[in-house]
Amino acid sequence: MIHDHGVHAVILPHANSRYPRELNKDTLPFSDDLPRLHLPRHVAIVMDGNGRWALRRKLPRTAGHRAGIKSARAVVEESVRQGIQALTLFAFSSENWRRPKSEVDLLMDLFMGTLCSEVNRLAENGVRLRIIGEHAAFPEKLRRRIAAVEKVTSTNQAILLQVAANYGGRWDIVQAARRLVADARAGCIVPEDVDEGVFSTHLSSPDLPDPDLFIRTGGEQRISNFLLWQSAYSELYFSDLMWPDFNALAYREALADFAGRQRRFGLTSDQTGCGVANGAG
Ligand code: FPP
């Protein structure tokens, strides 16, 4: 388990990347001239603004969700290219069930369809997929599909892509507490043993560093019950772009912004030994 909060540096482009430099590097915030950069190990994204993107174009909201798939693909590919270890995308919150049935059905279909259509692409590009959230609420067919895609991609190593579906940060904390209580009942743990480290191993993604960078698109500045425990020290980045407009370049701008931040985790800048830039994590 990686739980130090250091920020790692990588060489660009990622050594195992299969992606060509499709963007004009002169226009990008990162370039090959800058060999070592401070990148997040784990990025979490609230993909907001699909509905508004569609309504502005006089399209049904569902068209925004379909368009959002393209942005998700671009961000996954760019993450692989940059050597980011983990990416968590918020696809469907525990609260999204309250949307009109037609929209919920479309989101489920999109989810199912994407799991089917993207599996080869994920495997080819070394993406390991994990779905976090309460699976029990999903139709049986979708649950089986999730298990199959997780299995097929389980040995891939370029990046761990977590898709949060029927996920809520409070749900995650509650299910961790339940599992701890069950462990205690079974005599595997005593209350004195429960500390932050032990607690976090009962959360949905115990083997990942907490997100270093938390991005939300769509112009709102809220956490919206996403990775509440895990984002305690995340750097927050809010983009006014609607999710379907958030492309690889916009993502690189967010990464460049992160690279310029100083992370102190409660310490002073003297203690962390870094100046203005995000050097010591
Ligand atoms: C929020 O926009 C977005 C969602 C609830 C769904 C996100 C889903 C996708 C991008 C497609 C599926 C992705 C994967 C990885 C399978 P909103 O509807 O709240 O937009 P609004 O705030 O403009 O109404």
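This is a predicted model: local features need pLDDT of at least 70, side-chain atom pairs count only at pLDDT 80 or more; totals for chains, interfaces and linings use all residues.
The protein chain has 281 residues, and 36% of them are buried.

**Around the ligand**
- The shell counts 20 residues, and those that come nearest to the ligand are Asn 50, Gly 51, Arg 52, Gly 68 and Thr 114.
- Two or more shell residues come from each of the helices α1 (50-56), α2 (61-82) and α3 (101-117), and from strand β4 (86-93).

**The chain overall**
- You will find 9 helices and 8 strands in the protein chain.
- Of the contacts between residues at least 6 apart in sequence, 74% link residues that are at least 24 apart.

**The sheet**
- An open sheet is built from 6 strands with parallel pairing, and reading across it gives the order β5-β6-β4-β3-β7-β8.
- At the edges lie β5 (127-132) and β8 (235-238), each of which pairs on one side only.
- From one strand to the next, the twist averages 20 degrees.
- In general, strands of a sheet pair through backbone hydrogen bonds.

- Edge strand β5 pairs with β6 (residues 159-167) over 6 bridges, in the parallel sense.
- Within this pairing, Ile 132 has Ala 164 of β6 as its bridge partner.
- Helix α2 packs on the sheet and touches β3 (42-46), β4, β5 and β6.

Note on methods: Residues are numbered from 1 along each chain as its sequence is written. A residue is near a molecule or strand if its C-beta atom, placed from the backbone, lies within 6 Å of it. Helices (H or I, at least four residues) and strands (E, at least two) are DSSP runs, numbered from the N terminus. A residue is buried if 20 or more other C-beta atoms lie within 10 Å of its own, exposed if 12 or fewer, and partly exposed in between; C-beta atoms are placed from the backbone. Two residues are in contact if their C-beta atoms, placed from the backbone, lie within 7 Å. Two strands pair if DSSP finds at least two bridges between them. Axes are lines fitted to C-alpha atoms, for helices over the stretch in contact, and angles run from 0 to 180 degrees between N-to-C directions.
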